[in-house]
Amino acid sequence: KKEKISVVVDSTHPFAEEISKKAIKAAEESGIEYLRFERKEFDLSQYAYYNAKIIKTSNYEKAAKIANDFEKIFLTTGSKNVEIFINEISNFENRLFMRIMTFPAFIQNTIDLGLPPANIIAAKGPFTKEFNQSLFKEYGADVIITKASGDSGGLKSKIEAAVELGIAVIVIQRPKINYPLFFNEVDNLINYIKANYKTEV
């Protein structure tokens, strides 16, 4: 209201579920149109010819339970939900390895939760297929856990690295949110705004 906003474009991360829900509610209560822009989903079916073991699951808890059946687990979902995996995976100190961004607070939080520093790989992406393969081999990974964040989130290079090595991949699917209006092409979003709002876009 203060800024006289007439339309909201929510382009947060595909897994920023709570932020999107709050934005939808705030827009609704303010009488403002809410538009969702989200990067395209990545087509996993293209890896069928590898006979790849790609396991889709709906949330972190289920992913952790599935991962517990493997020996060495390589986690690439970020530090926010690492506690779920630490709690679910038995003997995690010797079985769970994690790549996170190079923010000291993220690293310290993960150590405080009990994951040994030697199990933490702090690095800034994006990562190539070859770099991913080197890490997966170095840590003896039997399974990789990732999110269906889209190719811009590095999903393709992770999956290709894993399937070529014969490593299983657990892919956590995006949250299901009933968006009022959804776009995954920038041009379509801009054309909609041009057609419906006075703007210099």
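This is a predicted model: local features need pLDDT of at least 70, side-chain atom pairs count only at pLDDT 80 or more; totals for chains, interfaces and linings use all residues.

Student: Fine. So which residues do ring pairs link into a cluster?

Tutor: Phe74, Phe97, Phe136 and Tyr139 are linked into a cluster by ring pairs. Searching the whole structure turns up nine aromatic pairs. One of them is Phe74 with Tyr139, an edge-to-face pair with 6.1 Å centre to centre and 65 degrees between the planes.

Student: Where do Phe74 and Tyr139 lie?

Tutor: Phe74 is in strand E4, while Tyr139 is in the loop between helix H6 (129-138) and E7, so their pair ties together parts that are 65 residues apart in sequence.

Student: And Phe74, buried or exposed?

Tutor: Phe74 is buried, at 0% relative accessibility. Tyr139 is partly exposed, with a relative accessible area of 21%.

Student: What about the rings of Phe103 and Phe106?

Tutor: Their centres are 5.1 Å apart and their planes sit at 75 degrees, so that pair is edge-to-face. Phe103 is partly exposed at a relative accessible area of 43%, and Phe106 is partly exposed as well, at 34%.

Student: OK, charges next. Which ring does the charged end of Arg99 sit over?

Tutor: That would be the ring of Phe127, with the charged end of Arg99 3.9 Å from its centre. There's also Lys147, which lies over the face of Phe15 at 5.2 Å from the ring centre.

Student: Let's switch to strands. How many of the residues of strand E7 are buried?

Tutor: Five of the five, residues 143-147, so strand E7 is largely enclosed by the rest of the structure.

Student: Which residues are on each side of E7?

Tutor: Val143, Ile145 and Lys147 are on one side, and Ile144 and Thr146 are on the other. Both faces of E7 are covered.

Student: What is E7 joined to?

Tutor: Strand E4 (residues 73-75) runs parallel to E7, and three bridges join them. Strand E8 (residues 168-172) is also parallel to E7, joined by five bridges.

Student: What's the bridge partner of Phe74 in E7?

Tutor: Ile144 is the partner of Phe74 there. Over in E8, Ile172 is the bridge partner of Lys147.

Student: And what holds paired strands together in general?

Tutor: Strands of a sheet pair through backbone hydrogen bonds, in a parallel or an antiparallel way.

Student: What order do the strands have in the open sheet of three?

Tutor: The order is E1-E2-E9, with parallel pairing.

Student: How many bridges join strand E2 to E9?

Tutor: Two, and E2 (residues 33-37) runs parallel to E9. Arg36 has Phe182 as its bridge partner in E9.

Student: What's the lining like by class?

Tutor: It has 12 nonpolar, 17 polar and eight charged residues.

Student: You mentioned E5. What about Ile100, buried or exposed?

Tutor: Ile100 lies in strand E5 and counts as buried, at 3% relative accessibility. The C-alpha atoms of Ile100 and Thr76 are separated by 7.0 Å, and these two residues are 24 residues apart along the chain.

Student: Last one, zooming out. How many helices and strands does the protein have?

Tutor: Eight helices and nine strands. The C-alpha atoms fill a box of roughly 55 × 40 × 25 Å along the principal axes, and 43% of the 201 residues count as buried.

Note on methods: Residues are numbered from 1 along each chain as its sequence is written. Side-chain values use heavy atoms; hydrogens and water are left out. Buried means under 20% relative accessible area, exposed over 50%, partly exposed in between (1.4 Å probe, protein chains only). Helices (H or I, at least four residues) and strands (E, at least two) are DSSP runs, numbered from the N terminus. Two strands pair if DSSP finds at least two bridges between them. Ala, Val, Leu, Ile, Met, Phe, Trp, Tyr, Cys and Pro count as nonpolar, Asp, Glu, Lys and Arg as charged, and the others, Gly among them, as polar. Rings of Phe, Tyr and Trp (its six-membered ring) pair if their centres lie within 6.5 Å; planes under 30 degrees apart count as stacked, over 60 as edge-to-face and the rest as tilted. A charge sits over a ring if NZ of Lys or CZ of Arg is within 6 Å of the ring centre and within 35 degrees of the ring normal.
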